[in-house]
Amino acid sequence: HFFALNPLLCVLVCVSATMPAVISGAPASSSSSSTHVGPSPAVGPSKKLAVGLPPPRFVKVSGCEGFRHTLVVASLSCTPVEISGIREGGSPPGLREYEGNFLKLLHRLTNGAKIVIDPTGTCVRYSPGALIGGTFTHDCNLARGLGYWLEPLALLAPFCKSPVEVTLTGVTNREPDLGVDAFRTVTVPLLKRFGVEASLRVLGRGCTPLGGGSVLFRCQTLRKLTPVQLVQQGKIRRIRGLAYSARVAPDRGNRVVFAAKGVLLNFLPDVFITSEHFTGAEAGESPGYGITLVAESTSGQVFMSEEASSDPSEIESQQLTPEDLGARAAKQLLEQIVLGGCVDTAHQPMALLLLALCPEQLSYVHVGQLTHQAERMQSLLEEHFGVKFSTTRQRRKDLPSTMLVGCVGANLVNLTKRSA
């Protein structure tokens, strides 16, 4: 009877009863919206989150191939993804420990991200959060090298809210992952071409299987990347390298250097390889040795490296001598040079991703034959950012043909950084 006599008051009570449901769907604070990283409105329709609407649909991905690349692209494009069928026929099925460790790193680097793993571990649902960065230490799984975590970290760090200063501990050099020396001498200069200020400091060497090494990665944030034109390969004018040894006889590093120079000096005279021996706490927990070689060209636009590291079983059985290791690394570098281009095969996916994130200008990068990982990265970028890649085959006499890859970037903007 009371509401029948007061119809206006009845309407107000009904509206107030529905208000908490609407507010609960809103962000916790207005500052979280400013940390959104995504394409600028000029590229295409912006993704606006409407209060009260159901969450966006998950992009379906099958298989664990390109696991890191899928999550990195999803984080940068703010697109939820569902990765299913992860080693369903494997023994055991599902995620490996190092992949779960990478998810922990991704969760620490973001704020508000949601990661759901089914009981069997064969399906992962990832909803990206805001990239916040910060300073912390992360213990990496010993099944992979630190390069497994450094590569995606270097791609996400420039678009964080705060500068990134991360200490990674684990195995510093382990094939097939990118070694810390190759990252410091090749990946960091490649990032600098796109305007990213990053650095890597090797604090201690850690060999397989027990690791014990550590590196310090620093990266400043930016608003936009810088368009590039990496098209002039030039001629290889010199080769530089670093051989390391830890908890083994110091002469093993010198033997690796001698064998590598014996192969490379047949092609050019300017070859300089240093040897570094680690002792004490800086030597890590396991014995090992290896070498990293870097090629430099007359144009200054070549980013090529190759590395080889010892395996514990080979050290114990003496199946692989230091001379064999040095010669193998030198021959692999020569094979990379023959393939041509300005970027080696290990950095092709990273180069394509950086091209797609550049401003709306035509950028080019000259590579050899595209690897399977690069082709998969290309399809991911076209699906998430809507960019298109143009590839032009360049034939060479008596040598494998190369590819000139061009792309008009999606103009990814870090909204937490004010424009200059």
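## A tour from helix 4 to the cores

Select helix 4, residues 97-109. Its 13 residues should span 18 Å at 1.5 Å a residue, and its end C-alpha atoms lie 19 Å apart, which agrees. The expected span is 1.5 Å times one less than the number of residues. Helices (H or I, at least four residues) and strands (E, at least two) are DSSP runs, numbered from the N terminus.

This is a predicted model: local features need pLDDT of at least 70, side-chain atom pairs count only at pLDDT 80 or more, and totals for chains, interfaces and linings use all residues. Residues are numbered from 1 along each chain as its sequence is written, and side-chain values use heavy atoms, without hydrogens or water.

Stay on helix 4. Its buried residues (under 20% relative accessible area, 1.4 Å probe, protein chains only) include Tyr98, Phe102 and Leu109.

Select strand 9 (residues 164-170) and strand 11 (residues 213-219): they pair antiparallel over seven bridges. Threonine 169 has serine 214 as its bridge partner.

Now colour the largest nonpolar core, 84 residues. Such a core joins buried Ala, Val, Leu, Ile, Met, Phe, Trp, Tyr and Cys residues through side-chain atoms within 4.5 Å. Leu76, Phe217 and Leu381 have the most contacts inside it. Helix 10 (residues 348-357) gives the largest share, eight residues.

Finish at another core, apart from that one, with 26 residues, among them Val256 and Leu293.

Terms used
Buried means under 20% relative accessible area, exposed over 50%, partly exposed in between (1.4 Å probe, protein chains only). Two strands pair if DSSP finds at least two bridges between them.
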